[in-house]
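Dear colleague,

Please find below the structure that I am handing over to you. My notes on what was found in it follow directly after.

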Amino acid sequence: MEDTIVSEPAPPTQRQPDRFLIGIVAGLVILLIAAAISVVFLRQPVQDLPADTPGGTVQRFYTALQNKNYTEAYNYLSPNMAKKPTLQEFTNYNTSYDVLGSYNSQQRIHIDNVTANGDDATVPATITTYYNSSSPFGGSYDYTTTEVFSLHNLKGAWLMTTLL
């Protein structure tokens, strides 16, 4: 009889983790942490300009419009404004066209170089509107325009003498 050697099956070996996969996961975790930190630190609220300045008046006017507080925005208009609308006309215009915040959009207002000459001032404001698509295919775009406001200091308060 021939001797047959029967070998026992080798014990299962533990599989070594794939170092490449671990590197990819670690890299993704680091990127997510960096993105979260960037969002927290870079998305700081805009600093308010002093209220008693022409730029501060324009900034507060736009903030009131964005918050749909049309009475507050209207109060930044000078009583001496030529062709000043009534509060109702002003409110109707802004609600019918939803001037700020329509079409799934956000706006950023940048007050440029303010020119003051005594009790009169000119304030250029750059408004960038970011539109987001609600379609399943995504997509977005932005539009930038510059508006120039004329203001007059009336009893210590800067008020707009022209409308857009």
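How many residues lie between strand 4 and strand 5 in the hairpin that they form? There are two residues between these strands, and Lys-155 in the turn has a positive phi of about 55 degrees.

Before I continue, please note that this is a predicted model, in which local features need pLDDT of at least 70 and side-chain atom pairs count only at pLDDT 80 or more, while totals for chains, interfaces and linings use all residues. Residues are numbered from 1 along each chain as its sequence is written, and side-chain values use heavy atoms, with hydrogens and water left out.

**The hairpin**

Helices (H or I, at least four residues) and strands (E, at least two) are DSSP runs, numbered from the N terminus. Strand 4 (140-154) and strand 5 (157-160) are separated by the loop that holds Lys-155. The two strands run antiparallel and are joined by four bridges; strands count as paired if DSSP finds at least two bridges between them. Leu-154 has Ala-157 of strand 5 as its bridge partner.

**Two lysines with positive phi**

Most residues other than glycine have a negative phi. Lys-83, however, has a positive phi near 55 degrees. Lys-83 is placed in the loop between helix 3 (70-74) and helix 4 (87-97). Lys-83 counts as exposed because its relative accessibility is 85%, and Lys-155 counts as exposed because its relative accessibility is 85%. Here, exposed means over 50% relative accessible area, buried under 20%, and partly exposed in between (1.4 Å probe, protein chains only).

**The nonpolar core**

A nonpolar core is a set of buried Ala, Val, Leu, Ile, Met, Phe, Trp, Tyr and Cys residues joined through side-chain atoms within 4.5 Å. The largest one has 21 residues, and those with the most contacts inside it include Phe-61, Phe-90, Phe-149 and Leu-151. At least two residues of this core come from each of helix 2 (54-66), helix 3, strand 3 (120-132), strand 4 and strand 5. Helix 2 supplies the largest share, five residues.

**Aromatic rings**

Rings of Phe, Tyr and Trp (its six-membered ring) pair if their centres lie within 6.5 Å; planes under 30 degrees apart count as stacked, over 60 as edge-to-face and the rest as tilted. The whole structure has five aromatic pairs. One of them, Phe-61 with Tyr-62, is edge-to-face, at 5.8 Å centre to centre and 80 degrees between the planes. Both of these residues, Phe-61 and Tyr-62, are buried. Ring pairs also link Phe-61, Tyr-62, Tyr-74, Phe-90 and Phe-149 into a cluster.

Yours sincerely
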